[in-house]
Amino acid sequence: MNKIVEVLNSDKKVLVITGAGISTLSGIPDFRGKGGLYTKGENAEYMLSRTCFDREQEKFYEFYKNNMMLENFDCNIIHNVLAELEEKGKIIGVITQNIDNLHQRAGSQNVVDIHGNGDRYYCTECGKEYTAEQYKNDGNKCECKGIIRPDIVLYEEGYDLQKYRQCLEMLKEADVVLVLGSSLTVSTVSNFIVRFLMNGIRKELYIANNQPTPFDRYCSQKRYSEDLGKLFEEIKEEVLNSQNLSL
C-alpha cells in the first residue's frame, strides 16, 4: 500500500504543508516551473518587494493586478480532499505557502497561510478593508488618501509572528508532516522541516512533489509526480471512501 495512504489511515497526527504545486491543477501557474511567474522576463522578486511597494507604488499595483489576482480560480481535488480529511480527523491542519485562499474556500478550517491571503486587502493608514474587486477596479488609493495593499508577505518583509508561532505549535503536535507541491527552498518553510525533524526520532516526513527537494533523504516516502491529482484520487478512494463504507 502507498505509505502516504497508510499513514493517513493510521491514528498518527498528520500535518500538511502545501506549496504552489497543488494549485496548478486549478490553472494557477507555479512560480519557478515552466511558464511560471519567475520565467517571464520581469524581475518578479523586485516587483513583489517592499522596496517596489514603497518607491514605485503604481508599478507594484499594475504588476500585482496583472499577475497575482487569483479570484477566478476554483478549488481542485487536492483542496477538497484535504478539507474532508480534516473534517474526518485524518489531518490536524494545513500550513500553506500559497496566497490563493483555495484551502479556505474548500472548507479547511485549521489553515495557516504563512505568506498571507490574496483575497484580503487593507489600507496601510486607516486599516479599512477592501475586496479584490475594489482593489482591481478602483485603484490602490483609500478614501483617507492612504495606500491599499494586499494582505500578503512581500519580499523584504517579516512574517506575522502570531502565524509563525501557530505553525510551530502545529509542528510540535504532529507525528507526521506531509509536504505537497513544494520545493522546500523558501527559508522559513525549510526551517519548519528542520524543527520538526529535530523534535523527536519518531517524526515522519513524506513529500509529494514533481522535483527533488533538499529534504528527500529524510523522507519515509518521496513521490515524484507531475500530477498530484492522481495521488489524491487514490487518497479519496483508499482513505475517505473506504472509511465511509466501513461505517
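Ser190 is located in helix α9, which spans residues 187–198; helices here are DSSP runs of H or I with at least four residues, strands are runs of E with at least two, and both are numbered from the N terminus. The model is predicted, so local features need pLDDT of at least 70 and side-chain atom pairs count only at pLDDT 80 or more, while totals for chains, interfaces and linings use all residues. Residues are numbered from 1 along each chain as its sequence is written, and side-chain values use heavy atoms, with hydrogens and water left out.

**Three individual residues**

Ser190 counts as buried because its relative accessibility is 16%. The term buried means under 20% relative accessible area, exposed means over 50%, and partly exposed lies in between (1.4 Å probe, protein chains only). Not counting residues up to four places away in sequence, Ser190 touches Leu184 and Phe215, where contact means heavy atoms within 4.5 Å. Ser190 and Ile77 are 113 residues apart along the chain, and their C-alpha atoms are separated by 26 Å.

Lys163 belongs to helix α8 (residues 161–173). When neighbours within four places in sequence are left aside, Lys163 is in contact with Val112, Asp113, Ile114, Gly116 and Arg120. Lys141, in turn, lies in the loop between α7 and β6 (148–152). With the neighbours within four places again left aside, the contacts of Lys141 are Glu58, Gly146, Ile147 and Ile148. Lys141 and Cys123 are 18 residues apart in sequence, and the distance between their C-alpha atoms is 8.1 Å.

The table lists the accessibility of several residues.

| Residue | Relative accessibility | Class |
|---|---|---|
| Tyr61 | 5% | buried |
| Tyr135 | 1% | buried |
| Lys163 | 18% | buried |
| Lys141 | 45% | partly exposed |

**Aromatic pairs**

A pair of aromatic rings is described by the distance of the centres and the angle of the planes. Rings of Phe, Tyr and Trp (its six-membered ring) pair if their centres lie within 6.5 Å; planes under 30 degrees apart count as stacked, over 60 as edge-to-face and the rest as tilted. A search of the whole structure finds eight such pairs. One of them is the stacked pair of Phe60 and Tyr64, with 5.9 Å centre to centre and 20 degrees between the planes. Both residues lie in helix α4 (residues 57–67), four residues apart, which is about one turn of the helix. Phe60 and Tyr64 are both buried.

Tyr61 and Tyr135 form an edge-to-face pair, at 5.3 Å centre to centre and 85 degrees between the planes. This pair links distant parts of the chain, since Tyr61 is in helix α4 and Tyr135 in helix α7 (residues 132–138), 74 residues apart. Ring pairs also join Phe53, Phe60, Tyr61, Tyr64, Tyr121 and Tyr135 into a cluster.

**The chain as a whole**

The protein chain contains 10 helices and nine strands. A compact globule of 247 residues would have a radius of gyration near 18 Å, and the 19 Å of the protein chain agrees with this; the radius is taken over C-alpha atoms, and the globule rule is 2.2 Å times the number of residues to the power 0.38. The C-alpha atoms fill a box of roughly 60 × 35 × 35 Å, taken along the principal axes. Of the 247 residues, 49% are buried. Among contacts between residues at least 6 apart in sequence, 65% join residues at least 24 apart.
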